[in-house]
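Let's take a friendly walk through this structure together, with the sequence and the coordinates open beside us. Could you bring up the view below before reading on?

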Amino acid sequence: MNFRRALGCLTLGFALVAALEPGQALAQEPIKIGTFLSITGPAAFLGDPENKTLELYIEKLNAAGGLIGRKLQLVSYDDAGDAEKARTFAKRLIEQDKVDLIVGGSTTGTTMAVVPLVESAQLPFVSLAGAVVIIEPVKKWVFKTPHTDRMACEKIFIDMQARGASKIALISGAGGFDKSMRAECLTVAKKHQIEVIADETYGAGDTDMTAQLTKIKNTPGVQAVLNAGFGQGPAIVTKNYRQIGMKLPLYQSHGVASKEYIKLAGEAAEGVRLPAAALLVAEALPASDPQKPVVTGYKREYETRFKSEVSTFGGHAYDGLMLAVEAIKRAGSTDKAQVRDALEGLHGYMGTAGVVNMAPSDHMGLDLTAFRMLEVKDGDWVLVR
Amino acid sequence: MLAHLAAPRTRGLLALAAFIALLPLALSNAYYYDVAVLVGLNAIVCVGLNLLIGYAGQISLGHAGFFGLGAYGSAVLTARFGWPPVAALGAATAGVMALAFMIGRPILRLKGHYLAVATLGMGVIISIVVATEDRLTGGPDGMAVPPLALFGTAVQGERAWYWLTGALLLAAVWLALNLVDSPPGRALRALHSTEVGAEVVGIDSARHKVMVFVVSAAFAAVAGSLNAHYAGFVTPAKVTFLHSIELVTMVVFGGMASTFGAVIGAAVLTTLPQLLTLFKDYEMVVFGAVMMGTMVFLPRGLVPSLAALARRTRP
Amino acid sequence: MSAAFVQYLLTGLTVGAIYALVALGFSIIYNASQVINFAQGEFVMIGGMGAVWLSAAGLPLPLAVVLAVAAATLVGLALEKLAVEPARGAPVVVLIIITIGASIFLRGLATIVWDKKLHVLQPFSGDAPIAVLGATILPQSLWVLGVTLLIVLLLAWFFGRTLLGKAMLATSHNRLAAQLVGVNVRSLLCLSFGLSAALGAVAGVLVAPITLTSYDVGVMLGLKGFAAAILGGMGSGAGAVVGGLVLGIAESMSAGYVSSAYKDVIAFAIMLSVLFFMPSGLLGKRASDRV
């Protein structure tokens with residue numbers, strides 16, 4: 001009886017395991033680009049455009065003949081914003097699907113969970129997440145494309161200084177992005193002669209921030225307000241801001257740099273400023289701007305194919321993929337160590353986020369010029385000169 | 001045939017041990033071992049939770065809280081205070097048991113849905129505290145955890161963890177089976193069917209309920225600690241309401257009041273998301289449909305339903 | 001200081017009214033069938049997302065709202081017929097899992113039919129804030145409070161004065177006795193799901209202009225609505241309303257005076273303390289066990 005039971009279990013086990021086997025091997029080994037993204041869940045805002053961008057451009061590259069004579073294949077998993085799922089999928093990409101390189105990790109949490117895996121597997125990994133902790137301290141196999149939250153804080157503080165504000169209020173949410181950016185802003189504030197005199201927080205999924213904003217309103221001496229947030233929170237903060245009649249300058253983070261934010265916040269978004277990639281104002285860039293061709297090209301492709309507004313997060317995925325492609329081209333192979341070295345040696349590469357200059361001590365490669373200060377005017381983004 | 005699993009302990013345990021010993025023949029790379037380890041850890045939690053839900057007839061929608069406290073307890077003690085991992089595991093588990101004892105008495109006076117919500121509230125409170133105290137816990141992005149070290153050597157790699165988890169799962173199942181067949185276990189089953197009746201024959205129902213609550217919390221805490229060391233990090237996602245629901249679903253799916261059912265429930269529901277990646281966009285829809293379908297058609301859970309089927313088809 | 005207090009109170013009332021509507025949905029279904037419908041939050045989501053989608057497709061807002069509520073009602077009826085009725089008599093835990101599976105299913109369906117982004121619905125009568133005692137309130141909040149009050153009154157009339165409503169109450173008191181006097185218990189069960197779905201959808205439509213809506217807006221709302229229903233006493237309509245308002249105001253006051261990070265903790269802690277001293281909730285009937 002128990003032998004049959006055990007046999008039944010074993011069969012079930014084998015069947016389950018067999019279902020996980022990968023498909024047929026292709027004749028000429030394609031270049032496998034692995035990705036794990038938060039396509040659903042609280043970070044779907046990030047992962048969905050990233051996934052779409054990767055699929056679109058891998059398709060285009062294959063149509064144009066592939067890369068170093070081979071086709072490209074995307075292996076993609078949805079971690080739904082869960083770091084442990086991301087870790088399991090990364091293991092699957094490395095061990096099971098045997099990818100050549102990973103471009104992924106929509107959030108800092110999922111990225112950091114995977115870092116030890118790629119370091120021990122010695123596989124190049126280009127992250128699409130924002131926090132400075134990803135590349136500081138520098139890890140041999142880990143690179144990233146988006147600007148750091150620290151850079152966003154600095155850009156905002158410089159603009160605040162220019163407008164004469166030195167005492168400000170901070171309001172942030174409970175998510176990883178919010179907390180990380182808040183911590184960075186508090187750290188670099190003094191360097192820019194900014195003093196944070198009020199510091200409020202709201203919870204994930206909160207639908208009303210009037211309480212916190214009222215406390216800020218009642219704090220004497222506040223000259224500007226910074227909302228270090230991402231997702232649903234900032235839109236509601238913006239609406240509440242207008243509702244309780246606050247007139248001080250409001251700054252948002254690069255986490256809400258999209259048309260969606262303006263649509264959600266409505267009229268309340270007028271006059272709000274934030275640092276963002278030039279991608280958002282692609283058409284408004286002067287013809288002489290070196291970023292113009294790249295950003296207008298990407299914007300056109302994405303919007304034509306997906307019939308929805310381009311987002312800076314999709315732009316990060318584009319940059320990640322193109323950096324990987326460029327590195328493979330220069331290395332002439334998919335040898336992991338060679339590709340990594342090529343990635344580290346990229347100079348003057350123009351992406352949607354800005355010009356990239358990688359170095360052994362800098363695995364992000366962007367500087368503050370990569371960020372433009374934008375303002376919402378008449379329901380659209382405009383460059384602040 | 002299958003029905004016998006529920007009864008004699010040794011034969012079932014031997015079958016499980018044989019399965020654990022032979023499964024590596026089917027696991028061809030570290031990713032498969034990884035899934036197996038996760039199944040094992042979930043199974044340990046489910047075996048404990050099954051004692052509470054299946055045998056004692058209570059309900060807990062907040063067990064991820066105990067799991068998470070075990071995980072964070074180990075994480076904080078080893079990473080921030082430099083404790084040796086085994087001591088941290090012991091301390092974290094003891095702490096969770098103490099907490100379960102303190103909340104258990106008032107919470108278990110409630111019944112049915114009120115109990116469900118109270119445990120849910122407890123779970124939510126724990127998850128918010130863990131995500132907010134970021135100086136200690138690393139906040140929403142979590143924190144890194146040093147590897148587990150036993151007798152001086154670090155437990156590294158999926159294969160080593162597989163054997164460790166397999167051994168611990170066998171121990172957990174053995175403990176649970178022993179508990180069920182012991183006087184306290186029989187008292188629990190008595191108060192499951194009628195609490196007043198059990199009290200009439202002299203069973204202190206409050207004491208027994210708290211005891212099983214504490215035991216199931218201990219199982220969850222140990223599994224949580226191990227999970228933290230295995231993954232190398234811990235995040236508040238492990239402490240959420242959704243994770244609690246996943247655990248309860250595993251127990252119910254496998255079959256309440258069946259220890260082996262809990263193990264099988266954990267196995268199926270941990271591997272299912274890996275299989276569902278085939279469905280891409282339809283993953284959530286399929287998962288929800290599977291959950292509904294199995295509960296509607298197999299309301300007693302997988303193992304008891306299959307056992308009943310086996311009994312009916314026997315000549 | 002008191003202007004701030006008024007602000008917190010108004011916010012708490014608005015949020016509380018939404019919790020109350022969701023809690024009423026839980027209570028109605030529970031009364032008819034002893035089932036806790038964890039998919040209640042998804043009805044809220046269908047109402048909000050449906051209205052957004054329909055009005056973006058060009059329909060005038062009132063029509064979009066009505067159709068969205070009707071769609072949610074149909075989903076509620078389908079849920080009852082396809083998932084709950086076949087599992088009649090299963091233990092409580094199993095029914096909970098079924099409704100949780102249903103909520104996951106509906107959320108997945110929403111990502112396919114619609115998308116994963118956030119959406120906003122245009123406010124019913126503009127969004128110029130109204131000043132009240134030094135604080136401000138949005139016109140939409142007045143809609144929320146007004147419609148909630150209207151619904152509560154309508155439900156009180158329905159359950160107290162109409163035959164159908166009284167039949168539903170009778171079923172909740174004693175199912176067998178109700179059947180014996182000729183009440184069609186099965187179709188009442190169906191009706192209860194449809195009614196709860198409609199309530200949830202109305203809440204979703206009312207609140208979408210203020211809080212934005214997306215495919216997973218139902219998760220937290222469902223949870224809090226459930227907690228509110230329990231706090232007020234499961235099965236009691238007045239309890240659901242009281243529970244919702246208490247929870248909303250407690251949250252808002254905690255955010256204002258204590259700590260915005262821990263406001264949910266305080267709200268749940270209050271709920272737990274109430275349950276410890278009054279195990280059947282604030283207005284719930286004292287449970288009695290048949291031995």
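What is the handedness of the crossing of helix 2 of chain B and helix 8 of chain B? The crossing is right-handed. Please keep in mind as we go that this is a predicted model. Helix 2 covers residues 9-22 of chain B and helix 8 covers residues 158-180 of chain B, and the two pack at an angle of about 170°, with their axes 11 Å apart. An angle over 145 degrees counts as roughly antiparallel, and that makes helix 2 of chain B roughly antiparallel to helix 8 of chain B. From helix 2 of chain B, the contact is made by B:Arg9, B:Leu13, B:Leu16, B:Ala17 and B:Ile20. Helix 8 of chain B answers with B:Gly166, B:Leu170, B:Val173, B:Trp174 and B:Leu177. Sorted by class, this contact of the two helices of chain B has 8 nonpolar, 1 polar and 1 charged residues.

Let's stay with chain B and turn to where it meets chain C. The contact takes 36 residues from chain B and 39 residues from chain C. On the side of chain B that touches chain C, the elements giving two or more residues are helix 6 (112-132), helix 10 (195-200), helix 12 (241-254) and helix 14 (283-297) of chain B. The largest share of that side, 11 residues, comes from helix 6 of chain B. By class, the residues on the side of chain B that touches chain C are 26 nonpolar, 7 polar and 3 charged.

Now for chain A, and its sheets. One of them is an open sheet of 5 strands in the order 2-1-3-4-5, with parallel pairing. Strand 2 (72-78) and strand 5 (142-144) of chain A stand at the edges; each has a single partner strand, so one side of each is left without a neighbour in the sheet. From one strand to the next, the twist averages 25°. Strand 4 (residues 125-127) of chain A is joined to strand 5 of chain A by 3 bridges, and A:Ser127 has A:Lys144 as its bridge partner in strand 5 of chain A. Across strand 1 (31-37), strand 3 (101-104) and strand 4 of chain A lies helix 11 (residues 312-331) of chain A, which runs at about 160° to strand 3 of chain A.

Further along chain A, strand 13 (residues 372-377) has alternating side chains. Strand 10 (residues 273-276) of chain A pairs with strand 13 of chain A in the antiparallel sense over 4 bridges, and here A:Leu274 stands opposite A:Leu374. Strand 13 of chain A is also joined by 4 bridges to strand 14 (residues 380-383) of chain A, again running antiparallel, with A:Lys377 partnered by A:Asp380. Strands 13 and 14 of chain A form a hairpin with 2 residues between them, and A:Asp378 in the turn has a positive phi of about 50°.

Our last stop is A:Thr210, found in helix 7 (residues 210-217) of chain A. A:Thr210 counts as buried because 28 other C-beta atoms lie within 10 Å. Leaving aside residues up to four places away in sequence, A:Thr210 touches A:Asn240, A:Gln243, A:Ile244, C:Gln7 and C:Thr11.

Notes. Residues are numbered from 1 along each chain as its sequence is written. Chains are lettered from A and ligands numbered from 1 in the order in which they are written. This is a predicted model: local features need pLDDT of at least 70, side-chain atom pairs count only at pLDDT 80 or more; totals for chains, interfaces and linings use all residues. A residue is buried if 20 or more other C-beta atoms lie within 10 Å of its own, exposed if 12 or fewer, and partly exposed in between; C-beta atoms are placed from the backbone. Two strands pair if DSSP finds at least two bridges between them. Two residues are in contact if their C-beta atoms, placed from the backbone, lie within 7 Å. Ala, Val, Leu, Ile, Met, Phe, Trp, Tyr, Cys and Pro count as nonpolar, Asp, Glu, Lys and Arg as charged, and the others, Gly among them, as polar. Axes are lines fitted to C-alpha atoms, for helices over the stretch in contact, and angles run from 0 to 180 degrees between N-to-C directions. Angles under 35 degrees count as roughly parallel, over 145 as roughly antiparallel, 65 to 115 as roughly perpendicular and the rest as oblique. A crossing is left-handed if the near helix is turned anticlockwise from the far one by less than a right angle, and right-handed if clockwise.
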